[in-house]
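Thanks for coming, everyone. Please have a look at the sequence and the model on the screen, and then we will walk through them together.

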Amino acid sequence: MIGYRVKSLREERNMSISELSAKSGVAKSYISSLERNLQTNPTILVLEKIARILCIKVDALLLNEQADKVMDEEWLEIMQDVIGSGISKEEMRKFIEVRKCTVS
């Protein structure tokens, strides 16, 4: 379950295992084993390193599928609010880029 979430989140961000490994300091082989569910009990330290690079909280790696569905609905509501507020796509992109720089 955790491995599937790591892989899914990594792929959503168009990031390779090598890139995640280099940025997080977690070995490529370990990430690969985790994603293939060969490694099923990662330490909190490993999860923290991976979560930081994926710009999520550790909790997000531990959520179940039902929580994902609720989160997806919540994101849709948030995006509808953003669109309704009059923020342009370009303004939103700039905000995201600035936020990325402050998280890293």
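Let me start with a question: is Lys23 buried, partly exposed or exposed? Lys23 has a relative accessibility of 46%. The cut-offs are under 20% for buried and over 50% for exposed, so a value in between is called partly exposed. Lys23 is therefore partly exposed. Keep those cut-offs in mind, please. And keep in mind that this is a predicted model.

Now the overview. The protein has seven helices and zero strands. Read along the sequence, the pattern is α-α-α-α-α-α-α. The C-alpha trace spans about 45 × 30 × 20 Å along its principal axes. There are 104 residues, and 25% of them are buried. Next, take the contacts between residues at least 6 apart in sequence. Of these, 56% join residues at least 24 apart.

On to the charged pairs. Side chains of opposite charge can pair when their charged atoms come close. How many salt bridges are there? The count is three.

Back to Lys23 for one of them. Lys23 pairs with Glu19, with 3.1 Å from N to O. Where do the two partners sit? Both are in helix H2, residues 17–24. They are four residues apart, about one turn of the helix. Glu19 has 31% relative accessibility, so Glu19 is partly exposed.

Another salt bridge joins Glu35 and Arg10, at 2.6 Å from N to O.

Glu12 is exposed, at 56% relative accessible area. Arg13 is partly exposed, at 32%.

Let's go inside. In soluble globular proteins, nonpolar side chains tend to be buried together. Here, the largest nonpolar core has 18 residues. Which residues have the most contacts inside it? They are Val6, Leu20, Ile50, Leu54, Ile56 and Leu61. H1, H3, helix H4 (44–53) and helix H5 (58–62) each supply at least two residues of this core. H4 gives the largest share, five residues.

Stay with Ile50 for a moment. What does Ile50 touch, leaving aside its neighbours within four places in sequence? Its contacts are Val6, Leu20, Ser24, Val26, Ile31 and Leu34.

Two packed helices are described by the angle between their axes and the distance between the axes. How do H2 and H4 cross? Their axes come within 9 Å, and the crossing angle is roughly 110°. An angle of 65 to 115 degrees counts as roughly perpendicular, so H2 is roughly perpendicular to H4. The crossing is right-handed. Which residues meet there? On the H2 side they are Leu20, Lys23 and Ser24. On the H4 side they are Lys49, Ile50, Arg52 and Ile53.

A word on Arg52. This H4 residue is partly exposed, with a relative accessible area of 44%. Arg93 is 41 residues away from Arg52 along the chain, and their C-alpha atoms are separated by 20 Å.

Last topic: backbone angles. Most residues other than glycine have a negative phi. Asn14 is not a glycine, yet its phi is positive, about 50°. Where is Asn14? Asn14 is in the loop between H1 and H2. At 71% relative accessibility, Asn14 is exposed. Asn37 also has a positive phi, near 60°. Asn37 lies in the loop between H3 and H4. Asn37 has a relative accessible area of 36%, so this residue is partly exposed.

That's my tour. Over to you for comments.

Notes
Residues are numbered from 1 along each chain as its sequence is written. This is a predicted model: local features need pLDDT of at least 70, side-chain atom pairs count only at pLDDT 80 or more; totals for chains, interfaces and linings use all residues. Side-chain values use heavy atoms; hydrogens and water are left out. A salt bridge is a side-chain nitrogen of Lys or Arg within 4 Å of a carboxyl oxygen of Asp or Glu. Buried means under 20% relative accessible area, exposed over 50%, partly exposed in between (1.4 Å probe, protein chains only). A nonpolar core is a set of buried Ala, Val, Leu, Ile, Met, Phe, Trp, Tyr and Cys residues joined through side-chain atoms within 4.5 Å. Contact means heavy atoms within 4.5 Å. Axes are lines fitted to C-alpha atoms, for helices over the stretch in contact, and angles run from 0 to 180 degrees between N-to-C directions. Angles under 35 degrees count as roughly parallel, over 145 as roughly antiparallel, 65 to 115 as roughly perpendicular and the rest as oblique. A crossing is left-handed if the near helix is turned anticlockwise from the far one by less than a right angle, and right-handed if clockwise.
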